[in-house]
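I opened my notebook to look a few things up in this structure. Below is what I looked for and what turned up.

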Amino acid sequence: LGSSPPLGEVARVLSLAEDFLTMLVHVLCERSLIGESPKATVRRQLIHRLALSEFATHSELSSGLSRSLVDDPSFLPVLQSVATYVEPHGMQQGRYALRKEAWADFDAFFILYTPQETQRALERAARYITHGAPPPTPLPPCAAFATLPGSACCGVLHALIYSVLEGASQFSKLVSERMLSATIRLLQLCALAHKECPDDAGNGDGSSEATDAPRSVPLCGFVMPSTFSIALNVLRPPV
């Protein structure tokens, strides 16, 4: 008792916590197999591949998507709608650049990004996305998963979010930037769920019995200059 855990153990726990929170975001947001059309999947994947660099060739984009999506009839029309084509010049091939308006659908939690790709895309996104702009709203899932968004109404999830925010407000070394970013995204999904769910969301049985889940989630702080400022703002008592 009283002794600090080994640094290696702290790093391992942090990594697990980051991956767990990121996985929760993916579960609540990903729609490629539960309601998203092939055309919408092509569009989303092309936007996030193009977000990684200033320009990309057709072959580079094709290699970044599955063969079934590249062969989909919507591939070329969608590519032309989200990207500007730059004509070949000299020895340089024709290339595509992501249109500025398409950045509105950029999501830093794109499920196919590696951590390194996420960082690269975020650095570029800062040049094109208005500061404080909200992330894209997930599409409604198919009927079989219609209740999935309501999972964000869970009181256990709210408690987890609050724990991370509280740790961040205390500048705890056990709360990393990646962990806090995922938590802020989960907070946004909670706010959406409470806006769309009926008052009895969270019971799961259609009853109106009160639950331990709060009836509202703070909607403040999304335009603060950093995620740590968001944590302090969300936890500040109302005046």
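I started with cysteine 153, which counts as buried because its relative accessibility is 1%. My cut-offs: buried means under 20% relative accessible area, exposed means over 50%, and partly exposed is in between, with a 1.4 Å probe and protein chains only. Then I checked cysteine 154, which is in no disulfide; the nearest cysteine sulfur belongs to cysteine 190 and is 8.7 Å away. To count as a disulfide, a pair of cysteine sulfur atoms must be within 2.5 Å. A disulfide, I reminded myself, is a covalent bond between the sulfur atoms of two cysteines. The structure has zero of them. Cysteine 154 is partly exposed, at a relative accessible area of 34%.

**Ground rules.** I noted that this is a predicted model, where local features need pLDDT of at least 70 and side-chain atom pairs count only at pLDDT 80 or more, while totals for chains, interfaces and linings use all residues. Residues are numbered from 1 along each chain as its sequence is written, and side-chain values use heavy atoms, with hydrogens and water left out.

**The whole chain.** How many helices and strands does the protein chain have? I found nine helices and two strands. Helices (H or I, at least four residues) and strands (E, at least two) are DSSP runs, numbered from the N terminus. Along the sequence the pattern reads α-α-α-α-α-β-β-α-α-α-α. The protein chain has 239 residues, and 40% of them count as buried. I also looked at contacts, meaning heavy atoms within 4.5 Å. Among those between residues at least 6 apart in sequence, 68% join residues at least 24 apart. The accessible surface comes to about 13900 Å², with 61% of it belonging to carbon and sulfur atoms. Such areas come from the Shrake-Rupley method with a 1.4 Å probe, and for residues only the protein chains shown count as cover.

**Helix 7.** Several residues of helix 7 are buried, among them Leu157, His158, Ile161 and Val164.

Phenylalanine 171 follows helix 7 and is found in the loop between helix 7 and helix 8 (177-196). Its phi is positive, about 55°, although phenylalanine 171 is not a glycine. Is phenylalanine 171 buried or exposed? It counts as exposed, at 58% relative accessibility.

**Leucine 24.** This leucine lies in helix 1 (residues 7-29). Leucine 24 and alanine 152 are 128 residues apart in sequence, yet 9.5 Å apart in space, C-alpha to C-alpha. Leaving aside neighbours within four places in sequence, I listed Leu157, Leu160 and Leu186 as contacts of leucine 24.

**Serine 62.** I found serine 62 in helix 3 (residues 58-64). Serine 62 is buried, at a relative accessible area of 13%. Which residues does serine 62 touch, not counting those up to four places away in sequence? They are Val70 and Phe75.

**Aromatic rings.** My search of the whole structure gave four aromatic pairs. Rings of Phe, Tyr and Trp (its six-membered ring) pair if their centres lie within 6.5 Å; planes under 30 degrees apart count as stacked, over 60 as edge-to-face and the rest as tilted. Tyrosine 85 and tyrosine 96 make a tilted pair, 5.0 Å centre to centre with 50° between the planes. Tyrosine 85 is in strand 1 (residues 83-86) and tyrosine 96 in strand 2 (residues 95-98), eleven residues apart. Tyrosine 85 is partly exposed at 39%, whereas tyrosine 96 is buried at 10%.

Tryptophan 103 and tyrosine 128 have ring centres 5.0 Å apart and planes at 5°, so this pair is stacked. Tryptophan 103 is in the loop between strand 2 and helix 6 (115-128) and tyrosine 128 is in helix 6, so the pair ties together parts 25 residues apart in sequence. Tryptophan 103 is buried at 1%; tyrosine 128 counts as partly exposed at 24%. Trp103, Phe106 and Tyr128 form one aromatic cluster.
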